[in-house]
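Me: Here is the structure I would like to go through. Could you take my questions on it one at a time?

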Amino acid sequence: MDRIGQGPARPRRPRRAPLHPGAWWLWSLSLGTAATRTTNPLLLCLLIAVSAYVVATCRPPTPWSRSYGAFVKLALAVLVIRLLFAIVLGSPIPGTHTVVTLPEVPLPDWAQGIRLGGEVTAEALTFALYDGLRLATLLICVGAANALANPSRLLKSLPGALYEMGVAVVVALTFAPNLIADVQRLRAARRLRGRPDKGVRGLLQVGLPVLEGALERSVSLAAAMDARGYGRTAQVPAAVRRTTAALTLGGLLGVCAGTYGLLTAEGAAYGMPVLLVGLAAALAGLRLGGRRSLRTRYRPDRWDVRALLVVASGVAVAALLVLAAVREPTALHPGVVPLVAPTLPVWPAAAILLGLLPAFVAPEPKEPS
């Protein structure tokens, strides 16, 4: 029916299917892999900016999407702690530019190699800053995956052989987002009642309800898992069980041997073939192991073109940064002895910008006003 004084109501566009959660995790882990290949602070800050822009553009309005800010704060805390360790405990990096000299605490002979206090050099602080920033970038990339991927849908996408282990992993991954949502809800309620929500007093008065809510959520989760037959397995022939175990174990051993071969100069000839054979055997074992899992999937997530583009953008960033670490090691790892200013390499920076592709192919649609 038309509204008075208005034209006919416009039909709503059908909502696009959400992106596969595995695509977000692969994209985020690829950015994290790229972060491990460099200590250049300019490239690391660019990776953080790319992940932040994609999260701001693509994250859904859900409770777990608010966890990104908590991961950013955790990354800042890690960076500060790394710098404090370098100041208090010293650093093996030699330096000539002394920033400050702290009182040194004498230690016994059995504690040789450990120093408390003493000279703090600019070279040691710079090395600690680069190292801490790399770890902080990795944490922020993991936080982007937590903010973008739906944990329950990720669990539905796991193979049947990994279902029980996947439940444990998903419960662990959702702990931090649920805890953050509880804290925000309780702090908002205390502000509405005119009670303090900051400081030690506010933290203590919020902590008990948060723990109570976590306990109630755990009991409800256990009851729901029991009602859905968690842990129930089907009867399969003994030959299938033995074949599954042999393929899975042999495949994992092949993956380890192939990875070792790729990392050493002697195993360059056999590393890749052994790795591929091991992956194929492990996947076949997981496929056979899925027969023991008695569960169905309602509306399973599909790997569409958007998901493949998201994964391809992340893999491209990781591959190009790995290549850049081999071709231009000095640009990706600026020296600290002697102390030099980092420069922004052009083509590695352009490769990182490929990670912005999800913001254009899978943005979160805005609700019409």
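**Contacts, confidence and a ring pair**

Me: Which residues does Thr137 touch, not counting residues up to four places away in sequence?

Reply: Thr137 touches Ala35, Leu44, Leu47 and Ile48, leaving out residues up to four places away in sequence; contact means heavy atoms within 4.5 Å. This is a predicted model, in which local features need pLDDT of at least 70 and side-chain atom pairs count only at pLDDT 80 or more, while totals for chains, interfaces and linings use all residues. Residues are numbered from 1 along each chain as its sequence is written, and side-chain values use heavy atoms, without hydrogens and water.

Me: Is Thr137 buried or exposed?

Reply: Thr137 counts as buried because its relative accessibility is 0%. Buried means under 20% relative accessible area, exposed over 50%, and partly exposed in between (1.4 Å probe, protein chains only).

Me: What is the mean pLDDT of the protein?

Reply: The mean is 78, and 74% of the residues reach 70 or more; pLDDT is the predictor's confidence in each residue, from 0 to 100.

Me: How many aromatic pairs are there?

Reply: The count is one aromatic pair. Rings of Phe, Tyr and Trp (its six-membered ring) pair if their centres lie within 6.5 Å; planes under 30 degrees apart count as stacked, over 60 as edge-to-face and the rest as tilted.

Me: Why is the pair of Trp24 and Trp27 edge-to-face?

Reply: The ring centres of Trp24 and Trp27 are 6.0 Å apart and the planes are at 85°, so the pair is edge-to-face. Both Trp24 and Trp27 are buried.
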